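Please keep the sequence and the coordinates open while reading.

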Amino acid sequence: MRKLGMCVCALLLTLFVSAEASAQRRVTGRVVGADGEAVANASVSVQGTTIGGYSAEDGRFMLNNVPAGPQVLVVRRIGYKRASMALSAASDQIDVRMVRDVLQLETQVVTGQATTVASQNAANAVTVVSGAEVNRVPQPTVENALQGKVPGAVITQNGGAPGGGVQVQIRGSNTVNGAYQPLYVVDGVVINNDAFSNGVNAITGAGGGGAGLQGAQFVSTQDQQVNRVADLNPEDIENIEVLKGPSAGAIYGSRGANGVIVITTKHGQSGAPSANVLQRLGTQVMSNKYNFRCFSYADAKAEALADYQIDLKQSDYAGCVDEQDIVYGNKYLSYETGVSLRGGGQNTTYFASGTVKHDGGLAANSGYTKQSLRFNVNQQMGAMNLRGSSEIIHTLTERGISGNDNNNIAPYTLIGATPTYFDPRRIDPGTGQLVPNPFIGGGANVLQDAQQIRTPEDVYRYVGNIQSDWSLFTSAKQTFNLSALAGVDAYDDHQRVYSPPSTYIEQSGNISPYPGSVVDGNATVVNANLNVSAIHRLIAGFGTATSSIGVRQEHSQSNYASNLGQGLFPGITNYATAVQTAVSQGQTLTKTFSTYVQEELLTAGEKLLLTAAVNAERATTNGDSSKFYAFPKFSASYNLPYASYGIDNLKLRIAYGRAGNRVPTNFKYTFLSQLAENGIIGLRPSGTVGLSTVQPEVTTETEGGFDMAFLGGRANTDFTLYSKKTTGLVLASARAASTGFTAAIINGGELDNKGAEVGLTLIPIQNKSLTWQSHTTYARNRGMVVSLPVPAFYTGNGFGERTARTKVGPGYAPDEVVAYAGFDSVLVNGVMKRGGRHEAFYGSASPDFTMGFSNDFTVGAFRLSTLVDWRKGGWLADLSQTYVENGVNGQSSISGGSLADTMVNHNDQALYASGYPAFLEHASFAKLREVTLSYTLNKNLAGALFRGTTHEARIEVTGRNLKTWTKYRGLDPEVSNFGNAPLSRMWDLAPYPPSRQFFFSIDASF
Amino acid sequence: MKRNIAVFVGVLALAGACRESLSAPSEDQLVAGTAQPVQNLITGIIAQDRASTISFAYLLYPEGLARNSIRLDPNEPRFTSELIGVPIDPSDFIGGSGWTGWYAEIRAANQFITGPSAAALSPGDKAAAVGFVQTLKALDYIRVVELRDSLGAVIQGADPNVTDPFRTKTAVLAYISAVLDSGYANLTAASTSASMPFTVPSGYALNGDYSQTANVAALNRGLKGEVEVYRGLDHQSPCTACFATAITALNTALTGISATPSASDLAIGPYYQFNPSAPESFSNPFVDNHIYLTDNFVQSIMPGDLRSSKIVKAANLSANIAGLQLSYRDPITDPGNLANLVRPIPIARNAQFFLLRAQAEAETGNLVAATADVNAVHVGEGGLPPYATFAGVADARAAILYEYRYSFIYDGPHHLITARQYGIINKAYVTQPGMPSLASDPSHANDPLQTVLPVPANEAQARGNDVTPKP
């Protein structure tokens, strides 16, 4: 492979060794919009060269070293159509007028490691989300900002807790065991998106985490993990490009199969310094809650006696108390303050920003705080352009206790089991403390837990890079550039769970016999990548040919350790002082090296784009770490030269690509598990047989479709069909446990995904008084397991097929939902016994289709934006409902009173007892995801408010997740207790409730 | 230009320079397949045996099936709903339990017996170590059969890549018997070392010293007696000759023990011990607020039985799960008594061997001997007046069942197994709202019974659902 690279490079070098140098000049000018307003931050370049710069806040720009003779200036700006202006040989001054590009035809999209192409030529359906769209409403995290905006992406939140916990899956799942989320690349730096458990299982007992500390099970994948891409600051984003599959992302090799999310941050511009200040204030409220029954005193007295043998006194009867309001009814302040500064001179530009953000959450001791500082700098040094960016981020996330619970500690566990005539806010006059709950074994008081248990997760993160673009040779016909990037993403993630010994739940013995629990975990993660590319561009009569070749090296390492202590002195939080302790530890290291070559030809009057590329990669996680795996791609797009019937432009496109999915770390080894007894470390073969020859999964994708502009530039539609085939699945295939192993790593089987994506952008009204722009997206995906080398097996976690599981098997969706539907009863020797169960198949847990409806209305200085996100189909196992129904408010041994809902509950319970999945529900929903009403202050008003210092000022009122339409019975169909998994993300288990968020914002430029 | 070319060549050279750094394993755990110290491997087997056995699957669920005890947890109603009412879900944590861990230990044992670490020992040490491991391996096979009974089990072959067929209970018991005999031969061979060539856990020296080869051999014979009794009472293929074999083996196991043993005599045997602190981090799992005794268990104990100390009125009523609410607990489950955290649990003890011998004697018509052996426990642990010689086998069986029920609650599924062997599992009843009493519903139409845990779904699926046992 190295030989191939050298050959291509040598060919490239021969193209420019005879070229000659030219005389040069300085060109200045101004970029303005259709109404003459300044257009800042527009890219201005000399066509066929690498010479370029950006317009300042007043639209002015300056270019040095412009070659002599007639030239063409090309001006690009996100949101505007590309402008090309002839520059005569004698001219050194030129103004450029740009027209808004509401259909996003001119957006630049990534085609390779170091190349881009205008959207109107792109051969793939790449979705570009601008920074303005990202931040149309205050977003909890970057992934939240993409919800409803990327056709083909299913973006699911684990629960309503602040701070993230969101998974993105594009065009279905290509894997059963491997990475399932897209690769995130920020300014060329590959970003770590791992999620670490905070160890809350230690006090909830979920997953056996509380059962005698065995096996250090307090660290699990099931509760409240946050994917760390959540640390990124949405306000720093210039735009996001979403490469949806291998046909676009092949160039990212073994990490491109699940798509690539390429994030570009804001950069500086020459001119006087300009500042932008953003201030947001808001709050959040529960968007949904359960309706619990109320009891008259007579009913309550009967109930307490019958079910709890408690003689309820009138003074202890609290009426009808909704504990949901007490725990989650807070309206804490949320805020965001952002300041950014841009400026620069002829050769140096900079962008600096700082953000302080806080989401208040619904419950005490829950919330999300972020501080970030970013500094981007661009330095031109002769033929070399140096860019650097650094961002330091601190996030503090407290997500409280929620989810799966076996110890009577999570709020909905307690709320469901506490009759509404008990008030947890009452004070015990004897102790001065909140009263114990007499209806809960151990007396756990939901409010006491919320007030005293802390779950802080502190992350300190650095993301930075240095890039250089070295223009080694430039002429009118060809350029040769050398591009290098070194990036690092490093963070320290410190998780703590502290449950003091003073709470009733700790004293009850439910968690451990020793009151007081602390989990102290720490993860250190380092991702580093080095990219070097050489790009040659030849401009000739047939068009423009761009050749690139390069290498990339990545280093990804994480170390994780978590300590549990149980039995603490009051006020002491050091696990080392605890009566009993346990530890969990892990580490991973992956190194990859790849090399690529790409050829891109834009010809036929820039109407035909042909691309061919191959990326070859090796990785330490592969069985043979020295073997290169090749990932090619080919694509073509063609803009038809003639248009009629109201069609302005029609582009046909087709693309083929192959990408890999990296083998998870350590799959090639069979380890010895360690078990200690009597102070001696024991060893036995672990449960999984490694595969010494394991290879990466390979996904090939063919994508085709068309983009069409019509109605005189007022409509645009895109249509895409794709077909993906993943072979050589890396399966932790279930092995008969009687062999001594529960799983074996194998390569094999085939998983297909086929789907369609449609986008339609319309400008139904566009006049001086009103502009209405509408954007609708539709996407559907059908996954199918074509073959498996082993019998069908369950995947992911779950709670038994009685409630539902997902199963991987040939002929079914990879996340096929299976559940028992009834069973036999048999009389054996005069004794009634239970016989077999009957399995039923319910279809994929994933949605049948998703749609997004975005509308923008502009009336003068007012703008109203809305986004509705619709997901149709899919399944959820609503186990939260079981908590509600099993509790006293759902079940009661007394009759009469306010029992309107108990018939439903009894029906559910009867169905469940008959062996049917009574709590398996359809997960369809539509959400009013975003609403923004903004008003741009006129200059007089802005001047009066800011004493004439502003260029522009805007005020906004925004709302997020304001309304949900669904037949789902739980709090929110957008939830999963086991979210951090490629499949089987269908579990609603007493999550932190969802919220509506409201913000008021002022955004001013100075 | 020369400089440019030099830079580019340097970039390409970087590609080659990276190769050497790509070969390191990513994690610092030990990789299987190489020789390891015998002590670590034996400890791994012992620790895995403890981890597999000290589980609700072996110690609690059978008590639920036998209607002796139920875990009533409002947060986890499956402890109730899986064991009462519907067939146990083989894909869930109850139906899928009590299987994997023992087979993992059996694999570890098989690999040790044939592996390089054992081969490197002296002949005497190897015989002792292999005999010890064979005995533990047989013990875990016994437990697999105890929970699955007539569903059969798998006899694990030498190749872990081969999925061996399901075998009938009869075949598996015969295999276990042979493994025990092979182990016994190793433990009693002339050249065998007197003590084990490794350190045994402290629980193996709590009531008897099981670092001594002779004592392990006695344990081996006790287990042999157990297997032979199981074979004798195997409904599918009763082996009447096995009772005599059982008596012979149990006589060896109980050599030197008084015919009227004290409680301490009956307690002799190896035990599981616990240590809640890291790195072991393993405490007795029965320290649990949700485990309650059924009313039937509470009401059926004889007046004056010392084992009534296991039945105390709980400070709190249990949770009400679908109308089932209980009020008595065994104090060993109380988290308020911290000693419970490290309470040892017997692996096998003499009381069991007395009752096994009584079973064999009763089935062969030696009611005098059977009565004596039942009385060993009835008096030694129950503190009750001795039974007069049983009038018939039915009386003997009833008495044996009683002793298993009250001497071995939470020590293993001995009561369930014996009730199953005797075909009288329907003597208890859990009353939920709407259910009649046992007297009015002797067929358990309203409380359908389950007598075994199902074959775990993962095991069945991995073999294409072919779980029909073969002879």
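## Confidence in the model

This is a predicted model, and its overall scores are an ipTM of 0.90 and a pTM of 0.86. Chain A has an average pLDDT of 85, with 90% of the residues scoring at least 70, while chain B has a mean pLDDT of 88, with 88% of its residues reaching 70 or more.

Some stretches call for caution. In chain A, pLDDT stays under 50 over residues 1-22, where the model has 35 contacts beyond four places in sequence, and again over residues 891-903, where the model has 23 such contacts. In chain B, pLDDT stays under 50 over residues 1-30, for which the model has 44 contacts beyond four places in sequence. Where pLDDT is low, the predicted coordinates should not be read in detail.

## Domains of the two chains

The domain assignment of chain A gives domain 1 as 21-101 and domain 2 as 142-288 + 330-1005, and the centres of these two domains, taken over C-alpha atoms, are separated by 40 Å.

Chain B is divided into domain 1, made of 38-273 + 345-462, and domain 2, made of 291-342. The centres of domain 1 and domain 2 of chain B, again taken over C-alpha atoms, are separated by 24 Å, and 25 residues of domain 1 of chain B are in contact with 23 residues of domain 2 of chain B. On the side of domain 1 of chain B that touches domain 2 of chain B, the elements that give two or more residues are β1 (69-71) and α16 (393-407) of chain B, and β1(B) gives the most, with 3 residues. By class, the residues on that side of domain 1 of chain B divide into 13 nonpolar, 8 polar and 4 charged.

## Helix α14 of chain B and its two partners

Two packed helices are described by the angle between their axes and the distance between the axes. Helix α14 (residues 350-363) of chain B and helix α15 (residues 367-380) of chain B have axes that come within 8 Å and cross at roughly 160°, so α14(B) and α15(B) are roughly antiparallel to each other. In this pair, B:Ala351, B:Phe354, B:Leu355, B:Arg357, B:Ala358, B:Glu361 and B:Ala362 of α14(B) meet residues of α15(B) that include B:Leu367, B:Ala370, B:Val374 and B:Val377. The contact of α14(B) with α15(B) has 11 nonpolar, no polar and 3 charged residues.

The axes of α14(B) and α16(B) come within 10 Å and cross at roughly 165°, and these two helices are therefore roughly antiparallel to each other; α14(B) passes α16(B) in a left-handed crossing. From α14(B), the contact takes in B:Ala351, B:Leu355, B:Ala358, B:Gln359, B:Ala362 and B:Glu363, and from α16(B) it takes in residues including B:Val393, B:Arg397, B:Ile400 and B:Tyr404. The residues of this contact of α14(B) with α16(B) divide into 8 nonpolar, 2 polar and 3 charged.

## Helices α2 and α6 of chain B

Helix α2 (residues 38-53) of chain B packs with helix α6 (residues 100-114) of chain B at an angle of about 165°, with their axes 9 Å apart, which makes α2(B) roughly antiparallel to α6(B). The crossing of α2(B) and α6(B) is left-handed. Among the residues that make the contact are B:Leu41, B:Gly44, B:Ile45 and B:Gln48 of α2(B) and B:Trp102, B:Glu105, B:Ala108 and B:Phe112 of α6(B). By class, the contact of α2(B) with α6(B) has 8 nonpolar, 4 polar and 2 charged residues.

How values were computed: Residues numbered from 1 in each chain as written. Chains lettered and ligands numbered in written order. Predicted model: local features only at pLDDT ≥ 70, side-chain atom pairs only at ≥ 80, totals over all residues. Axes fitted to C-alpha atoms, helices over the stretch in contact; angles between N-to-C directions. Helix = DSSP H or I, 4+ residues; strand = E, 2+ residues; numbered from the N terminus. Parallel < 35°, antiparallel > 145°, perpendicular 65-115°, else oblique. Contact = placed C-beta atoms within 7 Å. Nonpolar A, V, L, I, M, F, W, Y, C, P; charged D, E, K, R; others polar. Left-handed = near helix turned anticlockwise from the far one by under 90°. Domains from an automatic or database assignment. pLDDT = per-residue confidence, 0-100.
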